[in-house]
Amino acid sequence: MGLLGRLLGGGEGDAEERGEQVGERLDALAQLDAKWSTERVRRRVRDVFFAVQRSWIERDPCIAEPYVSASLMERQRLRIDGLVSQHRVHQLENPLIEDLDFIRYDEAAPSVTVLLEISLVETILDAGSRAVVAGRANEKIRHSEFWTFGWEENWKLDEVEQPGEGARHLKAPLVGGDYATLSPESVLRERYARGEIELDEFEAEMAELLGRDRRY
């Protein structure tokens, strides 16, 4: 059992099993809307990940701007400004995504939360002397983070949480919102995502719903 399992009192398999279930639902939705494709989300997560790491390394928040939400961008800018004013460099070497599990999605928002297992060498350097003031050079570490993405013409990173604060995602419903309060169209999409109905049934029932709406 890894660090995440010890923190949450469960095994790493819990996140993997949940990830498989959420991934299946996302790929079902992707047949109706391509943005939900797990492959598309995975590629976007990688692009965002490396842009964010570059932003830290080069102390330039503009690098991450196309990839993160406005609220996260403001926080990123303040943190990087803090590094610059303290004459520090947040050095990240060989950052890699070792594993990715889909944890939750919200069709209404829309948003997707993933659990990343990350490896890298992380140190804080003095900007002038380049001396290490925190961390250990050449020592690779691994840790987990929950990343939540919102849709704004593309998936943008909106929140990064450590295992303790992000653990709630593992106990939350697989989809956001109360199923009982969803609109008829959303309930129909949820039934399709769960595999309760086939695509032809979904399309027929959705056409009936839309037709009924038009009559009003």
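Two strands count as paired if DSSP finds at least two bridges between them. Keep that in mind as you move through this predicted model.

**Stop 1: the sheet**

Select the four strands. They form an open sheet in the order β1-β2-β3-β4, and the pairing is antiparallel. Which strands sit at the edges? They are β1 (88-106) and β4 (155-161), each pairing on one side only. Now turn the view. Neighbouring strands of this sheet are turned by 30° against each other on average, direction ignored. In general, strands of a sheet pair through backbone hydrogen bonds.

**Stop 2: the helices on the sheet**

Show residues 38-58. This is helix α3, which packs on the sheet and touches β1, β2, β3 and β4. Its direction makes about 155° with that of β1. Next, show residues 70-85. This is helix α4, also packed on the sheet, where it touches β1 and β4. The direction of α4 makes about 60° with that of β4.

**Stop 3: β2 and β3**

Select residues 111-126 and 132-151. These are β2 and β3, antiparallel strands joined by 14 bridges. Look across the pair. L120 stands opposite I141 in β3, and V121 stands opposite K140 in β3. Then go to the turn. The two strands form a hairpin with 5 residues between them. Click R130 in that turn: its phi is positive, about 65°.

**Stop 4: β3 and β4**

Move along to the next pair. How many bridges link β3 and β4? There are 6, in the antiparallel sense. One to click is T148, whose bridge partner in β4 is E159.

**Stop 5: N94**

Go back to β1 and click N94, which lies in that strand. Is N94 buried or exposed? N94 is exposed, because its relative accessible area is 55% and the cut-off for exposed is over 50%. Leaving aside residues up to four places away in sequence, N94 touches S119 and L120. N94 and E122 are 28 residues apart in sequence and 9.2 Å apart in space, C-alpha to C-alpha.

**Stop 6: the largest pocket**

Finish at the largest pocket, which holds about 420 Å³ of space. It is lined by 22 residues, and V52, W56, E145, W147 and V160 are the closest to its centre. The elements giving two or more residues to this lining are α3, α4, β1, β2, β3 and β4. Colour the lining by class: 12 residues are nonpolar, 5 polar and 5 charged.

Notes
Residues are numbered from 1 along each chain as its sequence is written. This is a predicted model: local features need pLDDT of at least 70, side-chain atom pairs count only at pLDDT 80 or more; totals for chains, interfaces and linings use all residues. Side-chain values use heavy atoms; hydrogens and water are left out. Axes are lines fitted to C-alpha atoms, for helices over the stretch in contact, and angles run from 0 to 180 degrees between N-to-C directions. Contact means heavy atoms within 4.5 Å. Buried means under 20% relative accessible area, exposed over 50%, partly exposed in between (1.4 Å probe, protein chains only). On a 1 Å grid over the protein atoms alone, a cavity is a set of points where a 1.4 Å probe fits but cannot get out, and a pocket is an open set with protein on both sides within 12 Å along at least five of seven lines; lining residues have an atom within 4 Å of a point. Grid points are joined across faces, edges and corners, and a volume is the space filled by probe spheres set on the points. Ala, Val, Leu, Ile, Met, Phe, Trp, Tyr, Cys and Pro count as nonpolar, Asp, Glu, Lys and Arg as charged, and the others, Gly among them, as polar.
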